[in-house]
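I set out to record what I looked up in one chain, entry by entry. The sequence and the model come first.

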Amino acid sequence: MIRLLFLSFIATFSLSSYSTSRTITTFLPPDTDGMNIETTAMQLSKLLGVGFNVGNTFEAIYKTPDGNLTGDETTWGNPTPNAALFRGIKEAGFNFVRMPVSYSHQLVDPNDFKIKKEWLDKVAKAVDDAIEAELYIMINIHWDGGWMDHPNYRHKDAIYERFEA
């Protein structure tokens, strides 16, 4: 059973232009676990239960002395999220994983906002491993080095341009 939770905004950004064996365009349809557009926040919270935060991995960024962003999932000392980790999380009684991901330090060219395929592959593999462990997973880009600057209506054209990359 696929148990996947994406915030539509995040799914649009992180996987819409990424080609894998599965096709993800903009939004994923509700799955058979009762998650759908009619679900309230309280109902969803009850469905997900207590979660596990796989933080400080795919969002591990630091600034070099020359001001460039760099890093990878092991930069802050954590191992790469993998199948064994997600199986352990499931066996410990969790049903839900929050996995923060940053992209601003993994761009092919900072001027066009295209994300490196290798980085997308790593994130996709972790998502696949979590799904295989029958976990709900939410990819979260709450920070990401400020690549959106000020995400409000006034800046929407510049932000949408970055999404399109």
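My entries follow, from the whole chain down to single side-chain pairs.

**Basis**

I am working from a predicted model, in which local features need pLDDT of at least 70, side-chain atom pairs count only at pLDDT 80 or more, and totals for chains, interfaces and linings use all residues. Residues are numbered from 1 along each chain as its sequence is written, and side-chain values use heavy atoms, with hydrogens and water left out.

**Entry 1: the chain**

I first listed the secondary structure, taking helices (H or I, at least four residues) and strands (E, at least two) as DSSP runs numbered from the N terminus. The chain has five helices and seven strands. Read from the N terminus, their order is α-α-β-β-β-α-β-β-β-α-β-α.

I then looked up burial, where buried means under 20% relative accessible area, exposed over 50%, and partly exposed in between (1.4 Å probe, protein chains only). Among the 165 residues of the chain, 38% count as buried.

Contacts came next (heavy atoms within 4.5 Å). Of those with a separation of 6 or more, 67% are between residues 24 or more positions apart.

**Entry 2: the sheet**

Which strands make up the open sheet, and in what order? I counted two strands as paired if DSSP finds at least two bridges between them. The sheet has three strands in the order β1-β4-β7, and the pairing is parallel. β1 and β7 are the edge strands, each pairing on one side only. From one strand to the next, the twist averages 20°; axes here are lines fitted to C-alpha atoms, for helices over the stretch in contact, with angles from 0 to 180 degrees between N-to-C directions.

I went through the pairings in turn. Strand β1 (residues 51–53) is joined to β4 by three bridges, and F52 stands opposite V97 there. Between β4 and β7 (residues 136–140) I noted five bridges, again in the parallel sense. Their partners include R98 with M138 and M99 with I139.

I also checked how covered β4 (residues 96–100) is: four of its five residues are buried. Helix α4 lies across β4 and β7, and runs at about 155° to β7.

**Entry 3: aromatic pairs**

My criterion was that rings of Phe, Tyr and Trp (its six-membered ring) pair if their centres lie within 6.5 Å; planes under 30 degrees apart count as stacked, over 60 as edge-to-face and the rest as tilted. I found two aromatic pairs in the structure.

F52 and F94 form an edge-to-face pair, with 5.6 Å between centres and 70° between planes. F52 belongs to strand β1 and F94 to the loop between α3 (83–91) and β4, so this pair ties together parts that are 42 residues apart in sequence. F52 is partly exposed at 29% relative accessible area, and F94 is partly exposed at 22%.

The ring centres of F58 and W119 are 5.5 Å apart and the planes stand at 80°, so I recorded this pair as edge-to-face. F58 is in the loop between β1 and β2 (62–63) and W119 in helix α4 (residues 117–132), so parts 61 residues apart in sequence are tied together. Both F58 and W119 are buried.

**Entry 4: salt bridges**

Side chains of opposite charge can pair when their charged atoms come close. I required a side-chain nitrogen of Lys or Arg within 4 Å of a carboxyl oxygen of Asp or Glu. How many salt bridges does a search of the whole structure find? I noted three.

K122 pairs with E73, with 3.1 Å between the closest N and O atoms. K122 lies in α4 and E73 in the loop between β3 (69–70) and α3, so the bridge ties together parts that are 49 residues apart in sequence. K122 is partly exposed at 33%, whereas E73 is buried at 4%.

D121 pairs with K117, the closest N and O atoms being 3.0 Å apart. These two residues of α4 are four residues apart, which is about one helical turn. D121 is partly exposed at 28%.

D129 pairs with K125 at 2.7 Å between the closest N and O atoms. D129 and K125 also lie four residues apart in α4, about one turn of the helix. D129 is buried at 9% relative accessibility, and K125 is partly exposed at 49%.
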